[in-house]
Amino acid sequence: MIMTPQDYIAALPLGIVAVTAFLVLLIEAFRDGSVRVTSWLTALGLAAAFFVAMTRVFGAAPGTAFFGMYATGAFPDLMTAVFCVSGILTVLLSSAYLGKEHLVQGEYYAVLLSAVAGMIMMAAAADLVFFFLGLELMSIAFYILAGFARGRLMSNEAGLKYFLLGAFSTGFLLYGIALVYGATGRTAISAIPSHSLALAHSPVFVVGLALVLVGLLFKVAAFPFHMWAPDVYEGAPTTVSGFMATGGKAAAFSGFLLIFSPLALNALPTLSDVISLIAAASMILGNIVAVSQTSIKRMLAYSSIAHAGYILAGVVAGNRMGAEGVIFYLAAYTLMNIGAFGVVSILESGDGTGVTYDECAGLSRRAPVLSGLMAVFMFSLTGIPPFAGFFGKYYVFAGAIGGGYTWLAIIGVLMSVVSASYYLRLVVLMYFKEGTERNSSVSVPAASLAALVIAAIGLLGLGLFPSLLLQLTAWCF
Amino acid sequence: MEQYIPIVIMIGVGAAAGIVFTNINRWIGPKRPSEEKLSTYESGMEPVRSARERFSVKFYLVAMLFIVFDVEIVFMYPWAVLFRQLGMFGFVEMVVFIAILLVGYIYILKKGALQWH
Amino acid sequence: MTPDTLLTLAVATLLLPLCGFVLMIFFGKRLPRQGDWLSTSVIAVSLGMAVVILAAKIGSYGGETLTLNFTWVDLHNVPLIGPLPIILGVAVDNLTAVMLVVVTLISTLVHLFSIGYMHGDIRYSRYFAYLGFFSFSMLMIVLANNLFLLYVGWELVGISSYLLIGHWYEKKSASNAAIKAFLVNRVGDFGFFLGIAMLFMTFHTFGLREIFEGIGAGRLPFESNWWLTAAGVLLFCGAVGKSAQFPLHVWLPDAMEGPTPVSALIHAATMVAAGVYLVARIFPLMTADALLVVAYIGAITAFISATIAITQNDIKKVLAYSTISQLGYMIMGLGVGAYSAGFFHLVTHAMFKAGLFLGSGSIIHAMHNALHHENDHATDAQDLRNMGGLRKAMPVTFWTFVVYTLAICGVPLTSGFLSKDEILAGTLAFGGMSGHVIIPVIGFLVAGLTAFYMFRVVILAFLGDHKDAARFSHLRESPMVMTIPLVVLAILSVFVFYSFNPFDASDSWIVRAVGRPDSVVPPSMAAPSTEAFEEAAHGLHGTAMLLSLSVAGIGVLFAFVTYYWRKINADAVASALGPAYRFLLNKWYFDEIYQAVIVNGTLALSRILRWFDGNIVDGLVNGTGWVTRGISSVSGMFDTYVVDGIVNLTGYLSGVGGLALRKFQTGRVQSYVIFAVLSVMVFYFVFRLI
């Protein structure tokens, strides 16, 4: 066996993130409490990984490294960039939020970096076993992050719940991988499409894939495996919720695109039908329950179930357009959802209580900049042009129509209309209602503001010039 | 189905053996209990209070860390056996692996997780 | 210069003002001098690049069109349409190159002038930021080679116009004027939007060249000639709104509430000319019928606003109506087929009309300061009747103002003479060829009216003696930063920059560079060809020149007789003409008619609906209620026992269901797991059954 330097270069973004995680841990060990250094180091490491990944996306041909374990090419690098953006925005938002919640600890950043490393491994997996390793690395980091506010009961509950259900779903996933291996004798992801054609009627193989599907559906919080999401997102520290809902979801969906690739799905029409039903149910449940929420954080949690449904429509489309749409959607969703959670994290009072709709009444007078940014995120989440959310939805639904799932696209559009009621209600409250608190102006920390502005500019940029990203996604498949 | 018959017999024998061995002394042994015999065995010491009490969390911490490092060390056995075949690749990978472990070790050391007080 | 370099320069010219805007809006207040130098230098650099582009374009590329396209977004397979990449881009042809220079030049001069005029304003930096934003949007219109970007720029100039008209939004009249401008423009833009939509539905592209090629290949909207005419007229609706043409001209006079340099830049020289530019851009797809509509709208507008201008006393209002009238001239010129002449007039008009507005700004500035000195807040600084004798106090303003006035009246040796003469010759040719003689008649009549009202302004403002000696002693010439732009514009109003022959513009470089494009409409629908038209126009040049000079001379003479020598008493004439005078003074009652018909109509409709709601619907409801009460007492028994029973049963059942659901919603992990496992089993069976 011979290992070449090319292998390590292929995994350079992963290496950068992992080494940064170790450095952060060591700094925390030797210089207890120097979080200013660690937070900036974290952002720097993620930014470096982002730039390395982005420089390699254009024109990259797919390949493998580390003896067929690690996939290279445009797709893993582009997804790496998405994870890194998610991580950077979370770090920028966290520094002020952690201070407010008295959670300042350097380990936070080390764990966050481990999670990003896990996500990169998932997107760069060329083998089911490697994918599983990445998934576990990410998930374990998430369990810790969800329960990071140790003094708060809600956070403890979130961490424990997420851990128990995560372990449960891991069981499904692992059993599924074992069955797939048992049926085919291989764990290479690239072999799945051909096996799907050959073994479309083999119960062991199909059930194995179905169990892998269940495990992934847990991670993306799709109906009927969504029940943990509202509790966990509400209980976890808000910045962590934003991170889990974006980076974590993006990583799980990159698993979808790898394992349930258009080729594999076209060979297994029944599996596609099951996914399409789940997508429709997620859209309907997420949106309808979100309408009746009073807490913004919980509304965002339910809406993230709905968004999982939209993205699944792109997966189930089983064509190039749908798959590219999924990547575009994930990038846009990362920006807008972290932005929305970020605004909530700034508005929170620091005693662990969330922000309700009523508290946002008249916010535009107390915090004009923050309200403007929140309005951008809400418009984008609704899918109103010229923000990126619109094109995400367009490609996903158009892909679904192209794949013969017109009914799914119709449900998606109808449910987007429903979603306008709770997203835009917030905008209406902020701008057209008088608030009870008149005088207290909201102070926005500089780093958090920077994160929100980056997210808003990104949404506008991708909304005005979607080809910036689409010419990169075109290289992914 | 016929090829499964030995397995069924095997399961039956195994279950029987387990049940028999765990209960055989209850069935055939003499029973003469006394206070001394029923008390907790503490290597000849007199038990002074109930065994059910709260331990310091440090026991768990140390136990957990022990298991973590113990399990990681297990990974070195197959590596050592195949060291020659794996060559340079195996060596580099193991150095990376140990370096990662070392970072964790330094971290717990500096955080005082191994200090009793 | 390679085409790539040239296009890169063009894009840089476009984006520089945008960068300036972004910097100014965020950091303007913190910069030294509130950043006026930044905005001004940014636009000056743009001007320099525009000049380079113009020289290179005309010098080395002749009539070629340089295009830079990019795929804005690839919508892939759109249901019902098929593959649909949306390709946008910029293009530089001679028309664009000339417009680039005009826009950046006027913008630069207005920036300079504003440094003096807006000195000490409360929102000084924001004002300059908006100017930059306007320049960006306007350049986007100029550079766009497709209807999409054109429309985006179109709306953006509308927004910047709205913001700048309402710059002093504390003044109720200013904020009302801003809203009026915005709403009236919406009406025109709606038509524009429909036109774009119609063309996009047919050709699946926004690119103008592709649309022209499609029409040339015989593809028509809805397969009909009639719809092609309709598309042209709908697109022209946008121009009607933006260029303040009849019947949507009412917003422009009110827009004079904005700062005077803004009036010069946006509401005289560039934005309102965008409508003319739009017609020039879409000229190839205009059918003969559509062009006839264009010509008549232009002629009507020119006439109406010229008559109104005679009676106005506010110096800016006179200039505003004069602008509308001149825009009507250009539109008329394009409509009759005098393409180059119409565009040529746009360029010359931009120079002298911007000069006239800046000159009036200089006067208002001086008057305002003088009145301020005297603590006089009652006298209107913009009213011509309060001026007089300014020639002695403000020589630079006076002499430059005279040059502009000569230019707008079409006196030889000025730029205005060249372009106006071309248009008038075109109308004569058109009248002769098509029989629509009313158009040349209006053309010459308006030329006379223009000379009259413009000299009225000059005489009332500058000649004679000032009414108030004390105030006169405080009147000062404006500072250099304001007079330099005036002088530059006055120099640019001389013939030599456009044509070396002061009496014939057919050799002018602009006319040569901006040739009339070939029509793509089916021959049966097309206007007379360029050759036929030019042949007709050529022989009529001498006639047109003599006629226009004589009507202008008569107009000037009447102005002097009435207002300088006072042989005719203007007030006596006004009272003798009574109703006619009031009709003109009140601007043909357009605002009142719109108020009565549209605004009150809408209100009346809503009142009718409310009455309908209150009486008929409520009556019905009440009646129904009465009937229902009768029935309900009968059915009460039924209700109590049967319906209540069912309702209670439903409530009970949903309560049970809710309880069952709540078992899963309590937040207990066990129930979540059970739910998930149950679902897996359900899916498993569905899976097997399918």
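What percentage of the 117 residues in chain B is buried? I found 0%. I call a residue buried if 20 or more other C-beta atoms, placed from the backbone, lie within 10 Å of its own.

This is a predicted model, so local features need pLDDT of at least 70, side-chain atom pairs count only at pLDDT 80 or more, and totals for chains, interfaces and linings use all residues. Residues are numbered from 1 along each chain as its sequence is written, and chains are lettered from A and ligands numbered from 1 in the order in which they are written.

Next I checked the fold of chain B. I read five helices and zero strands (DSSP runs: H or I of at least four residues for helices, E of at least two for strands, numbered from the N terminus). The C-alpha trace of chain B spans about 65 × 60 × 25 Å along its principal axes.

Then I looked for nonpolar cores (buried Ala, Val, Leu, Ile, Met, Phe, Trp, Tyr and Cys joined through C-beta atoms within 7 Å). The largest has 209 residues, and C:Val276, C:Val279 and C:Ala354 have the most contacts inside it. Helix α14 of chain C (residues 339-373) gives this core the most, 18 residues. Another core, of 206 residues, lies apart and includes A:Ala110 and A:Tyr423.

Last, I checked helix α10 of chain A (residues 228-235). Eight of its eight residues are buried, so the rest of the structure largely encloses this helix. Among them are A:Trp228, A:Asp231 and A:Glu234.

Terms used: A residue is buried if 20 or more other C-beta atoms lie within 10 Å of its own, exposed if 12 or fewer, and partly exposed in between; C-beta atoms are placed from the backbone.
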